[in-house]
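Work through the exercises below with the model open beside you. Try each task before reading its solution.

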Amino acid sequence: MDDKKQLVAKEAIKYVESGMTLGLGSGSTVEWFLKYLSDEMKLGLNIVGVPTSKKTERLANHYGIPLVELAKETTIDLAVDGADLVFSDLNLLKGGGGSLVREKLIDWIAEKLVIIVDDSKMVNQSGQFEVPVEVLSFGWEKTKELIEAQGYTCQLRVINDETFISDNGNFILDCKVDKLYDLNRAHIYLKQITGVVDTGLFVNMVDLVMIGDKHGVREMNG
Ligand code: DER
């Protein structure tokens with residue numbers, strides 16, 4: 001698995017050009033991308049990054065990747081991010097790492113969004129899914145009830161016996177659903193709930209998915 005992540009992360013470097021502002025995603029595949037980015041910078045590549053999580057920020061600092069704030073005038077030429085699941089229509093399920101809100105904001109703003117995954121992430125639309133939903137901590141049980149009224153079964157994300165707190169100070173609910181017929185519709189219905197900040201359903205956002213498998217890297221255009 002890790003070999004495939006390294007393979008696809010290294011291949012994604014080909015889309016990076018000097019002078020770019022990059023959206024730096026989160027997760028273990030992107031961690032390899034940051035390493036290879038750092039290697040290229042030692043050979044003269046000149047870029048700046050906007051991190052999608054405090055964890056990515058720390059890792060970028062470790063690798064000496066210069067970072068800029070996401071300000072009004074910031075344009076993001078290319079965002080490179082991971083995913084938990086990639087559906088056949090290239091819509092994504094994300095949020096396993098709890099960074100979905102900043103990831104979605106930056107991925108949405110980017111001129112081009114490239115997703116890098118190993119082939120285990122590729123699925124068809126059928127089957128049970130767990131959708132991460134970032135919610136305000138204020139009144140989260142009421143928000144959970146409203147989400148469950150739409151047919152989900154939600155669990156508050158707890159890691160090492162501690163309630164997970166996102167970089168934005170919110171909670172994450174992992175919401176199981178038997179089948180997602182229409183990801184866009186599912187996202188809109190969840191997003192309209194006041195206590196919901198955003199969902200791990202990334203719909204109609206992807207320009208390119210790069211998939212590492214035992215044969216190498218294949219690409220699918222969004
Ligand atoms: O949380 C996310 O959506 C991240 O991008 C992450 O879950 C990607 O998975 P990876 O660690 O297998 O790259």
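This is a predicted model: local features need pLDDT of at least 70, side-chain atom pairs count only at pLDDT 80 or more; totals for chains, interfaces and linings use all residues.

Residues are numbered from 1 along each chain as its sequence is written, and side-chain values use heavy atoms, with hydrogens and water left out.

**Exercise 1. The cores**

Task: find which residues have the most contacts inside the largest nonpolar core.

Solution. 
- Step 1. A nonpolar core is a set of buried Ala, Val, Leu, Ile, Met, Phe, Trp, Tyr and Cys residues joined through side-chain atoms within 4.5 Å. Buried means under 20% relative accessible area, exposed over 50%, and partly exposed in between, with a 1.4 Å probe and protein chains only.
- Step 2. Read off the core. It has 24 residues, and Ile 147, Tyr 152 and Leu 180 have the most contacts inside it.
- Step 3. Assign elements. Two or more core residues come from each of strand 7 (129-135), helix 5 (140-148), strand 8 (153-156), strand 11 (171-177) and helix 6 (183-191). Helices (H or I, at least four residues) and strands (E, at least two) are DSSP runs, numbered from the N terminus.
- Step 4. Inspect Tyr 152. Leaving out residues up to four places away in sequence, Tyr 152 touches Val 131, Ile 147, Cys 175, Lys 176, Val 177, Leu 180, Ala 186 and Leu 190. Contact means heavy atoms within 4.5 Å.
- Step 5. Look for another core. A second, separate one has 23 residues, including Ala 9, Met 20, Leu 45 and Val 114.

**Exercise 2. The pockets**

Task: state how much space lies in the largest pocket and in the second largest pocket.

Solution. 
- Step 1. Define the pocket. On a 1 Å grid over the protein atoms alone, a pocket is an open set of points where a 1.4 Å probe fits, with protein on both sides within 12 Å along at least five of seven lines; lining residues have an atom within 4 Å of a point. Grid points are joined across faces, edges and corners, and a volume is the space filled by probe spheres set on the points.
- Step 2. Take the largest pocket. Its space is about 410 Å³. Of its 24 lining residues, Ser 26, Gly 27, Gly 96, Gly 97 and Ser 99 lie nearest the centre. Helix 2 (28-42) and helix 3 (54-62) are the elements that give two or more residues to this lining.
- Step 3. Sort that lining by class. It has three nonpolar, 12 polar and nine charged residues. Here Ala, Val, Leu, Ile, Met, Phe, Trp, Tyr, Cys and Pro count as nonpolar, Asp, Glu, Lys and Arg as charged, and the others, Gly among them, as polar.
- Step 4. Take the second largest pocket. About 260 Å³ of space lies there. Its lining includes Tyr 152, Leu 180 and Ala 186. Helix 6 gives the largest share of this lining, three residues. By class, the lining has six nonpolar, two polar and four charged residues.

**Exercise 3. Thr 56**

Task: decide whether Thr 56 is buried or exposed, and find what its side chain reaches.

Solution. 
- Step 1. Check accessibility. At 5% relative accessible area, Thr 56 is buried.
- Step 2. The side chain of Thr 56 reaches the backbone oxygen of Gly 25 at 2.8 Å.
- Step 3. List the neighbours. Beyond four places in sequence, Thr 56 touches Leu 24, Gly 25, Ser 26, Leu 34 and Pro 51.

**Exercise 4. Positive phi**

Task: locate Asn 160 and Asn 204, and give the phi of each.

Solution. 
- Step 1. Recall the background. Most residues other than glycine have a negative phi.
- Step 2. Take Asn 160. Its phi is positive, about 50 degrees. Asn 160 is in the loop between strand 9 (158-159) and strand 10 (162-163). It is exposed, at 70% relative accessible area.
- Step 3. Take Asn 204. Its phi is positive too, near 55 degrees. Asn 204 is in the loop between strand 13 (201-202) and strand 14 (208-213). It counts as exposed, at 63%.

**Exercise 5. Val 209**

Task: find how far apart Val 209 and Val 80 are in space.

Solution. 
- Step 1. Take the distance. Val 209 and Val 80 are 9.8 Å apart, C-alpha to C-alpha, and 129 residues apart in sequence.

Technical notes: A polar contact is a pair of N or O atoms within 3.5 Å; within protein, one must be able to donate a hydrogen and the other to accept it, and residues adjacent in sequence count only if both atoms are side-chain atoms.
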